[in-house]
Amino acid sequence: MCRLFAYLGPSVPLDRLLLTSERSFMRQAWAPQHQRKGVVNVDGFGVGWYDFDVRPEPVRYRRAVPIWADRNFFSLAGVVRSGAVLAALRAASTFLPVEESSTAPFTAGPWLFAHNGEVTGFRDGTAAALRRRISDERLTAVEGTSDSELLFALALDRLTTGMPPGEALADVVRTVDELAGGRLNMLLTDGRQLAGIAAGDTLFVRQGEDGVRIASEPADDVDDWEQVPDRTLLVGDVSGLGRHAL
């Protein structure tokens, strides 16, 4: 359920990153090749990108429709360029509504966040337990009903204390593991730093002169994608990503 994609590198059009290749991120909405649960990701999509010449906060575009159904996004993706992008396709968890406020990426200040997976027992008590671990300030800013947005709130509480992005994600995994566990693949970026975590689902990475990419599965026609071992944290920037076992 859900597909994630993050990119740091030279500025390129969004359509080149997300729409045009044979294994494109868009194609993963209806034909994912490495999805462990569910077969389609049609309950919404979102794309966030940065233009640091204008502001430090990202632009976010998200809809509660399949990505191929939004012709407006096709139009803008051909002319918008960025060197820092985070995108998500949504397959809503059972009993959760299909709505824009629950569609990743989620954003606060300079941060973009997305989650692929599901918190175990979220509708059977874990949601309330997670909320008790979140500060009042962050909890009042939660708009939707998804487990993903609560995970982001947990990460933001840690970032506010000065914890680096990778450590924040790792600590969120530890917190959820204490409560119930689940599949907790996550991506977090401020457009300069990038952190990703493989915890229960597939994650792939590609790095080279054309930038770094982290995705739920290969998202272009280049063959040098490498699968990330489960329970691995990726942290770095446009120059490369380091790996750390959880």
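**View 1. Cavities in the predicted model.** The count comes to 2 cavities of 30 Å³ or more in this structure, which is a predicted model. The second largest cavity has a volume of about 50 Å³. Its lining is made up of E22, R23, S24, R27, Q28, A31, Q33, E217 and P218. By type, the residues of this lining divide into 4 charged, 3 polar and 2 nonpolar. Rolling a probe the size of a water molecule over the atoms shows where empty space is left.

**View 2. The aromatic pair F45 and Y61.** In the whole structure, a search finds 7 aromatic pairs. In one of them, the ring centres of F45 and Y61 are 6.2 Å apart and the ring planes stand at 35°, so this pair is tilted. F45 belongs to strand β2 (residues 45-49) and Y61 to strand β3 (residues 59-63), so the pair ties together parts that are 16 residues apart in sequence. F45 has 0% relative accessibility and counts as buried. Y61 has a relative accessible area of 19%; because the limit for buried is under 20%, Y61 is buried too. F45 and Y61 form one aromatic cluster with F73.

**View 3. The aromatic pair Y50 and F52.** A pair of aromatic rings is described by the distance of the centres and the angle of the planes. For Y50 and F52, the centres lie 5.4 Å apart and the planes are at 20°, so the pair is stacked. Y50 is buried, at 4% relative accessibility, whereas F52 is partly exposed, with a relative accessible area of 31%.

**View 4. Charged ends over aromatic rings.** The ring of F52 has the charged end of R192 sitting over it, 3.8 Å from the ring centre. At F74, the charged end of R71 sits over the ring, and the distance to the ring centre is 4.4 Å.

**View 5. The open sheet.** The sheet has 7 strands in the order β3-β2-β4-β1-β10-β9-β11, and the pairing is antiparallel. At the edges stand β3 and β11 (226-227), each with a single partner strand, so one side of each is left without a neighbour in the sheet. The edge strand β3 is also the strand that holds Y61.

**View 6. Strands β2 and β4.** Strand β2 and strand β4 (residues 81-89) run antiparallel and are joined by 5 bridges. F45 stands opposite L89 in β4. The ring of F45 is also part of the tilted pair with Y61.

How values were computed:
Residues numbered from 1 in each chain as written. Predicted model: local features only at pLDDT ≥ 70, side-chain atom pairs only at ≥ 80, totals over all residues. Heavy atoms only, no water. 1 Å grid on protein atoms, 1.4 Å probe; cavity = no way out; pocket = protein on both sides within 12 Å on 5 of 7 lines; lining within 4 Å. Points joined across faces, edges and corners; volume = space filled by probe spheres on them. Nonpolar A, V, L, I, M, F, W, Y, C, P; charged D, E, K, R; others polar. Phe/Tyr/Trp six-rings, centres within 6.5 Å; stacked < 30°, edge-to-face > 60°. Helix = DSSP H or I, 4+ residues; strand = E, 2+ residues; numbered from the N terminus. Buried < 20%, exposed > 50% of the residue type's maximum accessible area, 1.4 Å probe, protein only. Lys NZ or Arg CZ within 6 Å of the ring centre and 35° of its normal. Pairing = 2+ DSSP bridges.
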